[in-house]
Amino acid sequence: MAVAWTIAPLKIPYKGWEIPVFELPSRGVWAVVGPNGAGKSQFFHQLISWSLHTHLARIGLAAQNPLTQLTESTVWQQMTWPFHRRRQRLAGEIEERASQLLGDWHLTEYRDQAPWQLSGGQQRRLVLASIELLAPEVYLLDEPLEGLDGLHRAVLEQKISQWANESSVLVSSHAWNWLLGITESGWWCEDGLAAGNMGALWYHHGNVPGNRLETLWRRLLDAQVPVDPRAWIDPQWARGEVKRLWSGYLPAECTP
Amino acid sequence: MAAIILERVTVQYPSRARPALGPLDLTIQEGECLFVTGANGSGKTTLARLLAGVVHPSEGTVRLNDGREQSQWPQGFVGWVQQNPQQQIIGTTVAEDVALSPLWLCATAAEAAERLQQALDEFNLRSWANYPPHALSGGWQHIAALAAVHAQAPGLVILDEPEAMLDRQGLAQVKSWIDHMRENRRTLMIMGHNRQWTSLADRVLELEGGTIKELSSVGQADDDSWRQFLEPWWGGKNIPSVNEVIDWLWHGLSLP
């Protein structure tokens, strides 16, 4: 992991824990997973606070509740307000980029509508589009899936993989199956942050089964069967893993 | 309690070119669980707002099958947990917020206090009871909003994206509460994008552009990933148990 910024220490006020040294990666996708009330959102807010005080990294936050970020009277003004702060005329390329992003998120037809009149999913898309326009070095996405329909989940996945080439994307979510598909690494957040491989984090912490395939997978891992812990998210991947084992042998240390 | 009937209902917001909902004909049976899905902006939340009485139909009627118009429904008949719990939390502490509905609806203070205690227990909220709601994480705010609706004891429960921001423990709690509501013949309307809710529903209503795209009954609960995983091998016949799969895998038997 290429480290872009080192923050020492990072204190989480409400929960009362602190991270002695937090290394913020320069690019890639990283999950932040943990139970309700563990301090994930506070962790994000502390990163924002660090950035505001140090001016070391430009951070874009998509908060859990998009309404808290929608302050302007139209969708277009919401997109472009940061560029009007010094009463400058909006540069042509910014205008073009803003229009393009509204198109990417299927919001063009709502350009002159008030953000509070949009549906929950549309509001979230507007926040994501606004952040993208600012091209931050770090994206903090707090429960970004909430309110998004299938089509826009796919848009988000594509965008995350694009953003991750240039920026660091930290995603907080409870959707293990989604996180396991978009990233290989992350942190478990509970009385601190523990870094790990996503498969291992799921095996150790995602202990309330979601579906039957996931349950089966957990039992294979309990029996130390050497399958990829992430494979249950995709039936074809899971099937490939089992076929591979079927045609080979099981190591002696496996216990049924 | 009785069935809810929507007849040729249209909801038109001011300064919008087309109706947000309708024309819509729909009957929701007493004790039914209806899962309402559809793309962002398809009218799901407007349907919830309509049934909760927050918006009124521009055309058509909403009534119970005993003839009572919406204005004659009993107080507290509709309980709505919104997508964003912050929009409905008004108490200065969690306990105060949960107690508001019973205080408004109950005949005596003792009865209201009993409902409050019941709701706090049902959702494991005792340790948060004296906290200001804004100090809670998003997931716990969602649970607090559910507890407030539980204390209200409504005839129709509307849950807008009930899995939002919840960890797996919280989700299991919500599912068990929904089961409990169903046993008590409460009418439920679950709205969202996550198909997991179809397994709890009697019917699925898909909205598109404010009108019904599809309204269908739900048969045996399906688990697609499980079926996709196994069916290519067993051809859909005699699908083995998890134990059998592990056992076969362990002993390296050839596929049946």
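Strand β1 (residues 4-11) of chain B runs antiparallel to strand β4 (residues 59-64) of chain B, and five bridges join the two. The model is a predicted one: local features need pLDDT of at least 70, side-chain atom pairs count only at pLDDT 80 or more, and totals for chains, interfaces and linings use all residues. Residues are numbered from 1 along each chain as its sequence is written, chains are lettered from A and ligands numbered from 1 in the order in which they are written, and side-chain values use heavy atoms, with hydrogens and water left out.

Strands here are DSSP runs of E with at least two residues, helices are runs of H or I with at least four, and both are numbered from the N terminus; two strands pair if DSSP finds at least two bridges between them. Six of the eight residues of β1(B) are buried, that is, under 20% relative accessible area with a 1.4 Å probe and protein chains only.

Together, the three strands form an open antiparallel sheet in the order β2-β1-β4 (chain B). Its edge strands, β2 and β4 of chain B, each pair on one side only. Neighbouring strands are turned by 10° against each other on average, direction ignored. Helix α1 (residues 44-52) of chain B packs on this sheet and touches β1, β2 and β4 of chain B, its direction making about 120° with that of β1(B). Contact means heavy atoms within 4.5 Å; axes are lines fitted to C-alpha atoms, for helices over the stretch in contact, and angles run from 0 to 180 degrees between N-to-C directions.

Turning to the cores, a nonpolar core is a set of buried Ala, Val, Leu, Ile, Met, Phe, Trp, Tyr and Cys residues joined through side-chain atoms within 4.5 Å. The largest has 56 residues, of which Leu141(A), Ile160(A) and Trp217(A) touch the most other members. Its largest share, six residues, comes from α4(A). Domain 1 (3-197) and domain 2 (208-256) of chain A both contribute residues, so this core lies between them; the domain bounds come from an automatic or database domain assignment. A second, separate core of 37 residues includes Phe35(B), Phe123(B), Leu171(B) and Ile178(B).

Note on methods: Buried < 20%, exposed > 50% of the residue type's maximum accessible area, 1.4 Å probe, protein only.
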